[in-house]
Amino acid sequence: MASFLFAAAGFVLAMVALGLLVILRRPAEVDHMMVAQLLGTGGVAILLLLAAATEAPPVVDVALLLALLAAFAAVAFVRSASGSEQEIPETASGG
Amino acid sequence: MTISSAFDVGLVVLILAVGAATIAMREAFAAVIGYVVYGLLLAMAWVRLAAVDVALTEAAIGGGMTGMLMLGAVARLRLAEGNDIRTSLPVRLAAGVLCVLVTAGVAVAILSPPKTIPTLAPMVMENLAQSGLGNPVAGVLFVYRALDTLLEKVVLILALLGVWSLAPDSVWGGIPGLRVYARPGSTLTFLAQLLPPVGIVVAVYMCWVGAKEPGGAFQGGTVLAAMWLLVMIAGLTSVPSIGERWLRRLLVVGPVIFLGIGLAGMVLANAFLAYPPGYAKPLIVAVEVALTLSIGAALGLLAAGPPERV
Amino acid sequence: MKLAFDILTVFFVSCGAFFFLAGTVGLLRFPDSLTRLHALTKVDNLGLGLVVLGLLPQASGLFAALKLVSIWLLVQLSGAIVTQLIAGTVRQNGPDG
Amino acid sequence: MNAATLFGLCGAVLVGLGLYGLVTNPEPLRKILAFNLLGSGVFLVFGVVARRAAASGLGGDPVPQAMVITAIVVAFAATAMAIALVLRLLQETGRSTLSADDPGGTDGGNS
């Protein structure tokens, strides 16, 4: 069972790596921000699979933290993207 | 090659590729995003090295907090000019040779381990039972090397003082210049309402579980800091001015309690930072709770930067 | 009983891995930022859900299983909101911003 | 080669990469970033030392692990301090490079 779970973790890691390669090569900043999503789901899946494969339940906590901080990182990305230079926009239209 | 070592090789290649991309990227924004990814991947490497405590810290600080800090700086430096200076080719080549030499040196050191590997693990395990803790790393942090941990809190406060002291005199005691991203009724507001309760539960859990399993004050404090920053960025609470009494008390409560218990140890247990027998665990838990709050406040304020307005 | 659990795990984790593959293909093939974002979020979340479902039979107890499910719920919720945020940036700055 | 050695070599390469970025990149922010990369490489090497000393039914020696945790937090504090300095430099001089030349005076293109 452990080797199957390791193989699955390796597969998801390869998918995340491929996704990272695609995302980071694109010029648009919006694409770059997607890495938070990619790591938020793929990274969590890898860690959960590793936790089950090595029978180390505390690793699940790392996955939990990763899920939380990927969302936090995404907020940091969006805040610092170009175009949000104005501190607080006068109108709340957002468009 | 077993399947787990194939996984490790893949992870190492990915970490190195992302690390190299972080150095080579032209845009600072993309480089910092690369660094965040790098931090999260490094957490996986720590998991593979069976250091879950370190993995938690790296994910929280390397991935989350450092990214937040640097992205704030990127957004400001974007307005600056004069970034077109390039390093000349000979300098690059020389630097490359130097770096290859350094890498080779470290690699040789790694590939030739000493015959008897020095370790303190048996000593830690022998004496861990006395402290009532189950997590050996927490044991080292709060029992055997408690002085390091105490001084590290002092370093955090000193760094914060350093950051604050960079503010112009006119705004001393004012409000940190954390850029907010407030759009009333936006999705960010919703996220900032949803995530912090979850984050606080996670922080309490980390702090509580730290005595027995991986986790502890650092990890819990970092999560608290992240959630606090999130709420401030969304504009749900205002950024407090650094002169606030409660803020300063919060910053020192952890170190002060730690120091107080340490000094009490001189009377009750015959050594500075020693715990009286039988009371070690409750005292350590009390110190951890106070430290979690102080670390959270200190990290949050470090990321918020020096005061900019009164 | 153990065998049945293991078969369930293999089945669901494989399905999850397939969806991660599908998400990456979407990331590679879709023409603009919004559709790529859509592919990434929806499909990867489904993949993670299936992986969690597959790992449930291996969980050591009820508490561990609940933790797995709550991690998935957290990713699901925060992922949906974060996607909305990023998509908002696209709308504000245009697809190249 | 076991896993610990592999990650140790990864740490060694990261140290080299970080050092290269630190030397060649002119922007202070990128230098800070490279310095963090260098630091995490050192931590990884240290983690390998811990992993090799696996004993008493543990995954590794807890003493280096505890020191790395402390180091990560201190590195964050130092990074925050360095970034505050860079931003202050920007506030004072209006530019974000450390070179002593005139701002933007390299080859006329100061856009």
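A: In this predicted model, helix H1 of chain D, which covers residues 3-24, packs with helix H2 of chain D, residues 28-52, at an angle of about 160°, and their axes are 7 Å apart. Because angles over 145 degrees count as roughly antiparallel, H1(D) is roughly antiparallel to H2(D). The crossing of H1(D) and H2(D) is left-handed, and when the residues in the contact between H1(D) and H2(D) are sorted by class, 17 are nonpolar, six are polar and four are charged.

From this pair we can turn to the neighbours of chain D. Four pairs of chains are in contact, and among these pairs chains B and D share the most contacts. Chain D contributes 75 residues to its contact with chain B, while chain B contributes 83 residues. By class, the residues on the side of chain D that touches chain B comprise 46 nonpolar, 22 polar and seven charged ones.

The remaining chains stand in another relation to chain D. Chain A and chain D are joined by no contact, and their closest C-alpha atoms lie 11 Å apart, while chain C and chain D do not touch either, with their nearest C-alpha atoms 19 Å apart.

How values were computed. Residues are numbered from 1 along each chain as its sequence is written. Chains are lettered from A and ligands numbered from 1 in the order in which they are written. This is a predicted model: local features need pLDDT of at least 70, side-chain atom pairs count only at pLDDT 80 or more; totals for chains, interfaces and linings use all residues. Axes are lines fitted to C-alpha atoms, for helices over the stretch in contact, and angles run from 0 to 180 degrees between N-to-C directions. Helices (H or I, at least four residues) and strands (E, at least two) are DSSP runs, numbered from the N terminus. Angles under 35 degrees count as roughly parallel, over 145 as roughly antiparallel, 65 to 115 as roughly perpendicular and the rest as oblique. A crossing is left-handed if the near helix is turned anticlockwise from the far one by less than a right angle, and right-handed if clockwise. Ala, Val, Leu, Ile, Met, Phe, Trp, Tyr, Cys and Pro count as nonpolar, Asp, Glu, Lys and Arg as charged, and the others, Gly among them, as polar. Two residues are in contact if their C-beta atoms, placed from the backbone, lie within 7 Å.
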